[in-house]
Amino acid sequence: MISLLSVCLRLVIALFTRGFFQPDEYFQALEPAHKIVFGYGHLTWEWLSPQPVRGVLYPAINIPAYWVLKASGLDRKYSTAVVVAPRLIHGLLAALTDIWVCKLAREVLDESYVGAAHFLSLTSFFHAMSLSRSLSNSLETSLTTIALSHFLWNVKAPFSPARLRRCIFFAALACAIRPTNGIIWVYIFSVLSLQLRSHPRRLIIFTRDAVVIGAIVLTVSFVLDTLFYGQPTLTLLNFLCVNASPVSSFYGSSPWHYYLLQAIPILCTTSLPFVLHGCLLAVKKSEVKLKILTGCVAWTIGVYSLLGHKEWRFLHPLLPMLHVLGARSLGELYNHDPQAHRSRRPSKTKQLGPPLRTCYLVLLLLPVPASVYVTFFHCTGQIEVMSYLKALPVDVSTTIGFLMPCHSTPWQAYLHRPDLAHPGKMWALGCEPPLMVRDKARYKDQTDLFFESPKAYMLSHFPPEVDPSFPPSPFPSSIPDQSFVSTLAAMESHNNSWDMGWRHEWPKYIVMFGALLREPNVLSLLQEKGYREIWKGGREWDGDERRKGGVRVWEHGTL
């Protein structure tokens, strides 16, 4: 019953999610797989830089589905299947978290807490917003939960090498998907090693299996990346090096207390009081298994807090652990509530978890409306516009320019238009990081330069008149390869400007947020050039300042 409910819920969320959350959902998972199978798609700097930081293992999850669609011709007959197929895959993978958090609760606590842990997982706001999406953090969360469920929580129990190997395997796989997951396992396996000191034979077996399984997963990852990039490549090492460097802060830097004061409250929402109470119980009552979970959470947050670039989703793998701690609190509160015991009626059916008092139930269900909103209504214009563009008639003159902050919409994995795959036929502003730049604080990418003065950018980078044949743009954005890195270094030494001389042609269609039309003289410039609005989607208040005003499509020559 638990498995069926979890699968149904996650599939519904995956299939019917209409909003935009993170660019990585499309550009680090779907686009690379789409390019591998169909031969076209946009690769970001993480894939094209001299030292690529993205491995092909995670995007490869989508390759079988894309291959079946291509081989059967269904991608041409039913283009929406290209969007639906990966959603089915990630919905099923998301359900693993709900299913295995129950097994984790059973291992760390006992059967009576399973229902509470499952309830917290199903009603989680952050799970609803993120778990069913094609984000590496989401699969990392599922794999981490599975691995923890196979962990040797009681070293005094009969030793099971096979169980421990499963734990190591899923942990290694989670680290291969996202190398920073190793922070969790440094703590967990260190604790296990200390506990096994009095069992030398078991410690030797554990060490041997960890080395062997880790080496196998690392080798497979190395081989896949080498085949993809055409040269020996170890993206796991590159990933760690780049994320520990100042380059990561280019995408934002937050204070050390960000995870404590923002991320954890957002991840837990109204379950936070129960999670904190569960942590207190673990320490106060010296419950060894819960203390390991609590220590792991504290250790991971502490290490992540040392890094400059911080995002809520980086802590997503901790959320199932927090739900187990919350379940412990709910059980304790129920057991010490005399009124609940007096009102409890004998039942012949097996209780999956402690019943919840009405006030607790209401509190824990408060995030559900917010979950519905972010799933079905928040930032929908960025997804809807791709459906509109996909339906445009195939025409040799069709060109599309996205005058938006970089990666504001999905790309070919949603559009699936080979006629627009030719360079310059469809383009967007770039935001490549300051690779090999010494003074990173001074650096400005193409998006920054555009929004400093949109009208001035269009006057200097677009031709004076619109060519009615709408040719492809010759240099709409930079390709972040070795040449790009060399150019940046030269510009830093000899130039005060980061403008690389991008050259655009006026496209037939311009896609933008309504906020751009409020910039000085932009509206009048577009109207003078012969553009008129033909489509609008989304809501005025969605997104940050540059992304407000809904999504607009303007066409040249529309009456």
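In the predicted model, helix α10 passes helix α11 in a left-handed crossing. Helix α10 spans residues 161–177 and helix α11 spans residues 182–195; the two pack at an angle of about 155°, and their axes lie 10 Å apart. Because angles over 145 degrees count as roughly antiparallel, this value makes α10 roughly antiparallel to α11. On the side of α10, the contact is formed by Leu 164, Cys 167, Ile 168, Ala 171 and Cys 175, while α11 contributes Gly 182, Trp 185, Phe 189 and Leu 192. Sorted by class, the contact of α10 with α11 comprises 8 nonpolar residues and 1 polar residue, with no charged residues.

A second pair of helices, α15 (residues 272–284) and α16 (residues 288–305), packs at an angle of about 125°, with an axis separation of 8 Å. The two helices α15 and α16 are therefore oblique to each other. The crossing in which α15 passes α16 is left-handed. In this contact, Cys 279, Ala 282 and Val 283 of α15 meet Leu 290, Lys 291 and Thr 294 of α16. The residues of the contact between α15 and α16 divide into 4 nonpolar, 1 polar and 1 charged.

The model also contains an open sheet of 5 strands, arranged in the order β2-β1-β3-β5-β4 with mixed pairing. Its edge strands are β2 (426–428) and β4 (531–537), each of which pairs on one side only. On average, neighbouring strands of the sheet are turned by 20° against each other, direction ignored. In general, the strands of a sheet pair through backbone hydrogen bonds, in either a parallel or an antiparallel sense. Strand β1 (residues 400–402) pairs with β2 in the parallel sense over 3 bridges, and Ile 400 stands opposite Met 426 in β2.

Regarding confidence, the mean pLDDT of the protein is 92, and 96% of its residues reach 70 or more. Among the elements of the protein, β1 has the highest mean pLDDT, at 98, whereas helix α18 (residues 338–343) has the lowest, at 52. Over residues 342–353, pLDDT stays under 50, and for these residues the model has 12 contacts beyond four places in sequence.

Definitions and conventions:
Residues are numbered from 1 along each chain as its sequence is written. This is a predicted model: local features need pLDDT of at least 70, side-chain atom pairs count only at pLDDT 80 or more; totals for chains, interfaces and linings use all residues. Side-chain values use heavy atoms; hydrogens and water are left out. Axes are lines fitted to C-alpha atoms, for helices over the stretch in contact, and angles run from 0 to 180 degrees between N-to-C directions. Helices (H or I, at least four residues) and strands (E, at least two) are DSSP runs, numbered from the N terminus. Angles under 35 degrees count as roughly parallel, over 145 as roughly antiparallel, 65 to 115 as roughly perpendicular and the rest as oblique. A crossing is left-handed if the near helix is turned anticlockwise from the far one by less than a right angle, and right-handed if clockwise. Contact means heavy atoms within 4.5 Å. Ala, Val, Leu, Ile, Met, Phe, Trp, Tyr, Cys and Pro count as nonpolar, Asp, Glu, Lys and Arg as charged, and the others, Gly among them, as polar. Two strands pair if DSSP finds at least two bridges between them. pLDDT is the predictor's confidence in each residue, from 0 to 100.
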